[in-house]
Amino acid sequence: MGRRTTHAMREDRAVPLAYDTTWAGEARSAVGYATLLFALLLTVDELADTLTDLRAALWLSLGVLLLLVLWPARVSVGRGRLVSRSLCGERTVRTDRLVSVRWSSGVAQRLVLRDADGNRAELDPKVLVANPPLWHVLDADARTSVDRGLLRCGETALRQMAARIDKETARTVFKVSGIE
């Protein structure tokens, strides 16, 4: 019986209910910006007649560094879990066992999720705004955490996120209907 349960859990994890549909475009943009920076630096150096192999390697390194900084995390949600895959690895949070949801402090706004097992994941709130199905699964699971009495810190952050998504959805509806 233990094998069946484990196999069923693996199947649930393997099939995401929703995922970030904007990821591919953001990844292409990251590659484009990094390539553009590299090409511009090479062109300027070539026009100044100062291009050497060492300088070309330096410009390539800067382009790769920009790519690493801009590369987006790939976010998906399944039954009771959110998975964020980045260049640094994969982070999985049990969204039906959340204990904390908060906004990170810093330049880039991030939503930080922490579950009862100590797992932690950060995601850009723009991912949730751009992907309402992803938000709906996360919100439903967060409500489960509230009902179980696990979520002690973060209801305000979730309400703020819900308000932001509702505002964007209304704006989109108005724009599509020609009201805006």
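Colleague: What radius of gyration does the chain have, and what would a compact globule of 180 residues have?

Modeller: The radius of gyration is taken over C-alpha atoms, and the globule rule is 2.2 Å times the number of residues to the power 0.38. By that rule a compact globule of 180 residues would come out near 16 Å, but the chain has 21 Å. Along its principal axes the C-alpha trace spans about 65 × 55 × 30 Å. Please keep in mind that this is a predicted model, in which local features need pLDDT of at least 70 and side-chain atom pairs count only at pLDDT 80 or more, while totals for chains, interfaces and linings use all residues. Residues are numbered from 1 along each chain as its sequence is written, and side-chain values use heavy atoms, with hydrogens and water left out.

Colleague: How many helices and strands does the secondary structure come to?

Modeller: Helices (H or I, at least four residues) and strands (E, at least two) are DSSP runs, numbered from the N terminus. Here the chain has six helices and seven strands, and along the sequence they follow the pattern α-β-α-α-β-β-β-β-β-β-α-α-α.

Colleague: What is the order of the strands in the open sheet of four strands?

Modeller: Two strands pair if DSSP finds at least two bridges between them. In this open sheet the order is S1-S2-S3-S4, with antiparallel pairing. Strand S1 (18-19) and S4 stand at the edges with a single partner strand each, so one side of each is left without a neighbour in the sheet.

Colleague: How many bridges join the neighbouring strands, such as S3 and S4?

Modeller: S1 and strand S2 (residues 74-78) pair over two bridges, and alanine 18 stands opposite valine 77 in S2. Between S2 and S3 there are five bridges, again in the antiparallel sense, with arginine 81 in S3 as the bridge partner of glycine 78. These two strands form a hairpin with two residues between them, and glycine 80 in the turn has a positive phi of about 75 degrees. S3 and S4 run antiparallel and are joined by six bridges, serine 84 stands opposite arginine 91 in S4, and a hairpin through two residues links S3 to S4.

Colleague: What is the order of the strands in the open sheet of three strands?

Modeller: That sheet has the order S5-S6-S7, with antiparallel pairing. Its edge strands are strand S5 (98-103) and S7, each of which pairs on one side only, and the twist averages 15 degrees from one strand to the next. For such angles, axes are lines fitted to C-alpha atoms, for helices over the stretch in contact, and values run from 0 to 180 degrees between N-to-C directions. Strand S6 (residues 111-115) and S7 pair over four bridges, and alanine 121 in S7 is the bridge partner of leucine 113.

Colleague: Which strands does H6 lie across?

Modeller: Contact means heavy atoms within 4.5 Å. H6 lies across S5 and S6, and runs at about 60 degrees to S5.

Colleague: How much space lies in the largest pocket?

Modeller: Rolling a probe the size of a water molecule over the atoms shows where empty space is left. On a 1 Å grid over the protein atoms alone, with a 1.4 Å probe, a pocket is an open set of points with protein on both sides within 12 Å along at least five of seven lines, and lining residues have an atom within 4 Å of a point. Grid points are joined across faces, edges and corners, and a volume is the space filled by probe spheres set on the points. The largest pocket holds about 760 Å³, and of the 27 residues that line this pocket, the closest to its centre are Trp71, Pro72, Ala73, Arg110 and Glu122. S7 gives the most to the lining, with four residues.

Colleague: How do the residues of that lining divide into nonpolar, polar and charged?

Modeller: Ala, Val, Leu, Ile, Met, Phe, Trp, Tyr, Cys and Pro count as nonpolar, Asp, Glu, Lys and Arg as charged, and the others, Gly among them, as polar. The lining of the largest pocket has 14 nonpolar, four polar and nine charged residues. The second largest pocket has a volume of about 160 Å³, and its lining divides into five nonpolar, no polar and five charged residues.
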